[in-house]
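User: Please take a close look at one part of this model, the interface. Go through it step by step, then follow the salt bridges and helices that lead away from it.

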2 protein chains.
Amino acid sequence: MDKNEDLRVIRSRRLIEDAFFTLVEEEGIEAVTVRKLTAQAGINRGTFYLHYQDIYDLMEKMEDRIMEQMKQLPVKSGPQEMLSAEMKGEPFPSIAQFIDFMNEEHRFFQVFFAQEGALFGKRLRVLIQDSIVDKIPKPLLTSEPLPVPADYIVAYFSSAHFGVIKHWFNTGRALPPYDLAVTLTRLIKDGPLLTALNQQPANRLSES
Amino acid sequence: MDKNEDLRVIRSRRLIEDAFFTLVEEEGIEAVTVRKLTAQAGINRGTFYLHYQDIYDLMEKMEDRIMEQMKQLPVKSGPQEMLSAEMKGEPFPSIAQFIDFMNEEHRFFQVFFAQEGALFGKRLRVLIQDSIVDKIPKPLLTSEPLPVPADYIVAYFSSAHFGVIKHWFNTGRALPPYDLAVTLTRLIKDGPLLTALNQQPANRLSES
DNA sequence: CTATAAATCAACACTATGTTCATTATGAGG
DNA sequence: CCTCATAATGAACATAGTGTTGATTTATAG
């Protein structure tokens with residue numbers, strides 16, 4: 001008799017997970033309590049503790065499940081598949097797979113991405129991103145119909161540079177601020193491709 | 001007699017903000033309570049409520065202050081300054097300014113960036129970023145000494161693509177999954193610059 | 001049909017919140 | 001230097017959430 005096969009267990013867990021998403025969607029992740037959760041789910045508060053230690057444990061277990069599934073996505077893309085996809089103008093199979101999965105589990109990922117950075121400095125994030133967007137060469141965004149939507153290009157650049165600054169902090173600001181400024185300037189001016197391949201100015205870095 | 005000029009007020013607020021950062025650094029943002037905070041600050045719990053409604057109000061007020069300062073950063077970079085900076089291989093003045101400010105307020109930004117996405121799906125974020133990193137053309141990272149550190153290039157790409165996917169969710173998954181897959185594939189294959197400028201395959205999008 | 005285990009219910013001690021009110025202290029301005 | 005306004009303190013309060021326990025009811029696997 002496996003615990004994971006008992007109908008009652010399965011039902012309780014499903015009710016709890018559903019209630020979690022509903023609550024987060026309605027009130028945000030910081031408003032979730034065990035009381036509200038079980039009330040929403042229509043089950044006894046004690047039942048929650050039969051399955052999870054606390055809210056964080058619940059989130060971890062859901063994360064576990066998603067991660068497990070993602071790791072086990074059949075890897076359809078050897079080099080030859082990627083080549084043939086490229087010929088036909090189709091997306092790489094592994095990418096398409098990836099996105100299909102997230103689309104199927106959209107309730108989870110919707111919350112996951114919505115809560116990203118929502119707890120602290122929500123408006124500040126926007127301000128930083130906007131000030132980055134200002135630095136994007138305008139021709140890129142205004143010229144003719146794009147092969148991909150302009151807002152995706154904006155998301156790409158702003159997120160990229162935001163991530164670079166974040167990386168700087170996450171590595172203890174080891175790079176001198178001036179060097180970071182140079183790095184960002186180059187990335188903005190030349191784009192990552194040229195920046196990475198252009199060896200010439202390498203020696204210029206950190207000289208000041 | 002202005003409330004913001006009373007030494008006692010200034011002292012209390014400083015103690016509270018300092019205690020906040022200390023607590024977050026030690027135990028993470030979700031562990032912060034008014035009790036611990038005021039204990040750490042060495043002030044009465046009631047005093048906290050004389051200045052802030054709750055923890056979120058405190059965070060908002062700190063955010064306000066930082067945002068105000070950022071908006072008032074003197075904009076040193078007209079087109080001519082950017083040009084002259086480009087000549088000399090120096091960073092754009094506005095960028096350097098931006099980064100200097102964040103460096104000065106590093107206690108705030110350290111917490112801000114560290115808490116980004118820390119509440120939910122921390123490990124999942126890493127998994128997604130890693131699986132994106134796998135898709136980055138290897139030559140970019142392994143060839144010769146780079147003009148900018150390789151880890152910054154990795155941060156740039158992974159953050160960029162992560163941001164694109166996030167944007168997809170934040171816009172209600174309006175773009176069909178297949179189109180998103182095509183978009184991502186192009187961005188990975190050609191980079192944003194080529195993708196944005198290359199008009200040819202525009203009509204191919206959404207045809208399937 | 002029945003034995004097992006899940007779910008419920010009520011109660012518990014504990015901790016945090018946000019508010020109030022009387023009291024103490026301290027700094028701003030004359 | 002004084003004094004008055006007010007910031008800070010301390011104690012108490014009601015309310016709400018947490019996590020646990022033990023007895024009881026209910027549902028399901030076999």
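Analyst: **Interface, salt bridges and helices**

Arg123(B) is partly exposed, with 37% relative accessibility (buried is under 20% relative accessible area, exposed over 50%, partly exposed in between; 1.4 Å probe, protein chains only). The model is predicted: local features need pLDDT of at least 70, side-chain atom pairs count only at pLDDT 80 or more, and totals for chains, interfaces and linings use all residues. Residues are numbered from 1 along each chain as its sequence is written, chains are lettered from A and ligands numbered from 1 in the order written, and side-chain values use heavy atoms, without hydrogens and water.

Helices here are DSSP runs (H or I, at least four residues), numbered from the N terminus. Glu63(A) is buried, at 5% relative accessibility.

A further bridge links Glu116(A) with Lys166(B), at 4.0 Å between the closest N and O atoms. The interface of chain B and chain A has 8 salt bridges by this rule. Helix H4 (55–71), helix H6 (93–104), helix H7 (106–115), H8, H10 and H11 of chain B each give at least two residues to the side of chain B that touches chain A. Polar contacts join 20 residue pairs between chain B and chain A, both residues at pLDDT 80 or more. Such a contact is a pair of N or O atoms within 3.5 Å; within protein, one must be able to donate a hydrogen and the other to accept it, and residues adjacent in sequence count only if both atoms are side-chain atoms.

Next, the extent of the interface. Chain B brings 99 residues to the contact and chain A brings 100 residues (contact means heavy atoms within 4.5 Å). The two chains bury about 9,600 Å² between them, and 72% of that is on carbon and sulfur atoms. Buried area is the accessible area (1.4 Å probe) lost when two parts are put together, summed over both. Phe120(B), Tyr152(B) and Tyr156(B) provide 10% of the area that chain B buries against chain A, more than any other three residues.

Gln129(B) is buried, at a relative accessible area of 11%. Beyond its neighbours within four places in sequence, Gln129(B) touches Ser158(B), Ser159(B) and Phe162(B).

Within chain B, Glu17(B) and Arg65(B) form a salt bridge at 2.8 Å, N to O. Glu17(B) is in helix H1 (residues 7–27) and Arg65(B) in helix H4 of chain B, so the bridge ties parts 48 residues apart in sequence. Glu17(B) is buried, with a relative accessible area of 17%. Arg65(B) is partly exposed, at 33% relative accessibility. In chain A, salt bridges that share partners link Arg14(A), Asp18(A), Glu25(A) and Arg107(A) in one network. The whole structure has 24 salt bridges over all chains.

Last, H1 of chain A. Helix H1 (residues 7–27) has 21 residues and spans 30 Å from first C-alpha to last, close to the expected 30 Å (1.5 Å times one less than the number of residues). Its buried residues include Ile16(A), Glu17(A), Phe20(A) and Leu23(A). The buried residues of H1(A) pack against helices H2 (34–41), H3 (45–51), H4 (55–71) and H7 (106–115) of chain A. Asp6(A) caps the N-terminal end, with a side-chain oxygen 2.9 Å from the backbone nitrogen of Arg8(A). Asp6(A) also forms a salt bridge with Arg8(A), at 3.0 Å between the closest N and O atoms. Arg8(A) is exposed, at a relative accessible area of 60%. Just after H1(A), Gly28(A) has a positive phi of about 85°.

Note on methods:
Salt bridge = Lys/Arg side-chain N within 4 Å of Asp/Glu carboxyl O.
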